[in-house]
Amino acid sequence: MSGIDNTFNSSMEEVDLNSPSQLLSEEKPEELPPDTEAPDPRIQVELECLNTSTDTINKLEVDLDEARMQFRQLLIDSTQKIDGLAKRLGKCVDQSRPYYEARIKAKQALSETQKAAVRYERAMSQHAAAREMVFLAEEGLMQKGCIFDATWQEMLNHATSKVNDAEREKIECAAGHRRTSAAYHEAETKVKSLQKELKRAIAKSRAYY
């Protein structure tokens, strides 16, 4: 009996059901090692941004695929329509092509001429403003008489430089305007000539519009 008692007592020493400290130690959750740091909250923010960006990319890829499908279908439909018109119109399309190409070039030449005119007008305004600055600077020096004034002299030099720059810009813009105007008149002359030469083919091609 003494042997059984010794064994029982030894077991009770290993697990004491009445020991609160032992019970709490068994139920206590596992703690992080003291060297482990808590996750940086900025990581969670960046992960959320990454997920949002991924969703956006997926949506854009779907939209791109749909746009490509629509483009391919539109290209097929347009090609079929052009082929049908070419069969109905016959040779008049090729015959009248130079006229329509000349009209496109004339329109482009007109646009360039208008842009050159705007640049020339701007250069004229800058030149006039620069000359006004020179006039004011000269008046300022005259009011000082023979006394040299560094401020007014610097203003006069600056204004004179502006006048020279504006003069060069005005000359270049005027030359550009003349060049574009000549190109436009030449293109318009060619359009009128082709219009007379290809009158029947042009009329036939327009009949189907």
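Student: How many residues apart are Asp63 and Lys59 in helix α3, and what separation is that in helical turns?
Tutor: In this predicted model, side-chain atom pairs count only at pLDDT 80 or more, local features need at least 70, and totals for chains, interfaces and linings use all residues. Asp63 and Lys59 both lie in helix α3 (residues 41–89), a DSSP run of H or I with at least four residues. Because they are 4 residues apart, they are separated by about one helical turn.

Student: At what N to O distance do the side chains of Asp63 and Lys59 meet?
Tutor: Residues are numbered from 1 along each chain, and side-chain values use heavy atoms, without hydrogens or water. The pair forms a salt bridge, meaning a Lys or Arg side-chain nitrogen within 4 Å of an Asp or Glu carboxyl oxygen. The N to O distance is 3.1 Å.

Student: How many salt bridges does a search of the whole structure find?
Tutor: Asp63 and Lys59 meet in a salt bridge. The search of the whole structure gives a total of 4.

Student: What average pLDDT does the protein chain have?
Tutor: pLDDT is the predictor's confidence in each residue, from 0 to 100. Of the residues, 77% score at least 70. The chain average is 80.

Definitions and conventions: Helices (H or I, at least four residues) and strands (E, at least two) are DSSP runs, numbered from the N terminus.
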